Amino acid sequence: MTTPKLLLLVLFLYASRAAVADLPGVWELLIPDAGIASMHTAVTRFNTVVLLDRTHIGPSRKLLPGNLCQVNPADPPTKDCTAHSVLLDLQTNTIRPLSIVTDTWCSSGQFFPDGSLIQTGGDRDGFKKIRKFTPCEPGSLCDWEELQETELYQGRWYATNQILPDGSIIIIGGKSSNTVEFYPPKTEIGAANFPFLIEVRDNQMDNLYPYVHLLPNGELFIFANNKAVSYDYNSNSVTKTYPILEGGPRNYPSAGSSAMLALTGDYSSATVVICGGAEYGAYLQKRTDSPARGSCGRIEATRPDPVWEMEDMPFGRIMGDMVILPTGDVLIVNGAQAGTQGFELASEPCLYPVLYRPDQPVGLRFMTLNPGSVPRMYHSTANLLPDGRVLIAGSNPHIYYNFNSEFPTELRIEAFSPEYLAADKANIRPTLVELPERIGYGEVFEAVMTVELPVVGIVEVNLASAPFATHSFSQGQRLVKLLVETPAAVDGGGRYSIKCTAPPSGKVAPPGYYMVFAVNLGVPSVAKWVQLVA
């Protein structure tokens, strides 16, 4: 290579690295080795994180305490003395093993109003199981409980759970399970047929892990394959059929993602976004190089005449996770640019997160962020943390743990800090200092915050749920922007009081624990946990 060409190559590489360095966001390694690859992840009100893999996968790298071992039902002589669930303490970044017995492979979950995590279904001996994790203060000992007297009416594998306005949980679908049921169980209903799931099934399924969003009118927006309905679970009836979303299938195994945008104003409107997915047939033909789709559909689900508005992401993406940030923007992270969901069926990891800014016009909504370095493929998760970071965990595209492949089983846990956590924004980042521990529907209450620079205009106070993240969809994810008044200065020194009005009903925000963020000029505080009660 001649000297001028070599110089041009060096300049090009330098410019490319400089461009990447200038992209917003910061990556941080939290845990070098969690011992397990997290297939399912949920953040508790004690600022701990439940990470859950599948059992019957062979030994993990985290031993259970006290020589505790489980017998493998598939191979009774074999004992497994390793953990398949762990608890991460965000304060100390330490891991504690948890004991799970039945198989949680591709299961579902949701937090109950009392803060306990209800976890349902799975494979093999976990098919009809209901499990419960009641979180506790860091340093205390809490663990999984397998319910013995209650089980699912129908086995659930690849189902979706959603908390309802009355605090009960609806469990929808699953492989060969075209029904819905409830927890606590409704004995007069059992498992009710839901024909929509049969109608949308194709010869590679594409109706698993349906995207479910509780609308503020109390009905459920349910999307599977390329179709959606509004579902009245009280009467077990479809009240609206939405137009087809063009661009092929979007659900498992075709691996798109979905989020409902923040609820605001009088809460009468709700908008759903669905992005990415695999080409139809990639799963059947095991095409690892089939380009992922980059299209997104956006629909105002509560309109009488809803239509899909289409736009394109900067990258095609399958198996991406959509995380609603405290600001109302959506982080799209993880996944691949080719292939489909399934064991060893994807390639070209998509290392670049993307920020979706819903208030911008079409064509300006997507911003490419600073890329990570760890491929997060099949069985990855992403969850919002109380300090505004996003926890990134998992990735195991293999049947068992495999650390010697192109995309190895991933035990590292990372955090991604969006641009709002940059050091140059510290002087406008608020600190919540006073907030009620419990609030009732429609209640007017005060939030007290401090901030270094004087406040100009409105400071938002936003409620964020703690969803159950698995398989590129966060079950129960929700952000509600409260009605607030202009902050009033209190005693000087950068202290302000904000009068807030709690959500009017469980249709807008189901009962339970929420992270409450004060957001000043697009910069969120560290959240405080509040219980919303009827």
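Mentor: In this predicted model, a cavity is a set of grid points where a 1.4 Å probe fits but cannot get out, and its lining residues have an atom within 4 Å of a point.

Trainee: Which residues lie nearest the centre of the largest cavity?

Mentor: The space in the largest cavity is about 220 Å³. Its lining is made up of 22 residues. Those that lie nearest the centre are F111, S465, A466, G512 and Y513.

Trainee: Which element gives the most to the lining of the largest cavity?

Mentor: Two or more lining residues come from each of β8 (108-111), β12 (160-163) and β43 (512-520). With three residues, the element that gives the most is β43.

Trainee: How many residues of the lining of the second largest cavity are charged?

Mentor: The second largest cavity holds about 80 Å³ of space, and W27, N334, C350, L351 and V374 lie nearest its centre. Of its 15 lining residues, eight are nonpolar and four are polar. The number of charged residues is three.

Trainee: Which strands stand at the edges of the open sheet of four strands?

Mentor: The sheet has the order β16-β17-β18-β19, with antiparallel pairing. An edge strand has a single partner, so one side of it is left without a neighbour in the sheet. The strands in that position are β16 (211-214) and β19 (237-241).

Trainee: Which residue in β19 is the bridge partner of Y231?

Mentor: Strand β18 covers residues 227-232 and runs antiparallel to β19. Four bridges join these two strands. In β19, the partner of Y231 is V238.

How values were computed:
Residues numbered from 1 in each chain as written. Predicted model: local features only at pLDDT ≥ 70, side-chain atom pairs only at ≥ 80, totals over all residues. Heavy atoms only, no water. Pairing = 2+ DSSP bridges. 1 Å grid on protein atoms, 1.4 Å probe; cavity = no way out; pocket = protein on both sides within 12 Å on 5 of 7 lines; lining within 4 Å. Points joined across faces, edges and corners; volume = space filled by probe spheres on them. Nonpolar A, V, L, I, M, F, W, Y, C, P; charged D, E, K, R; others polar.
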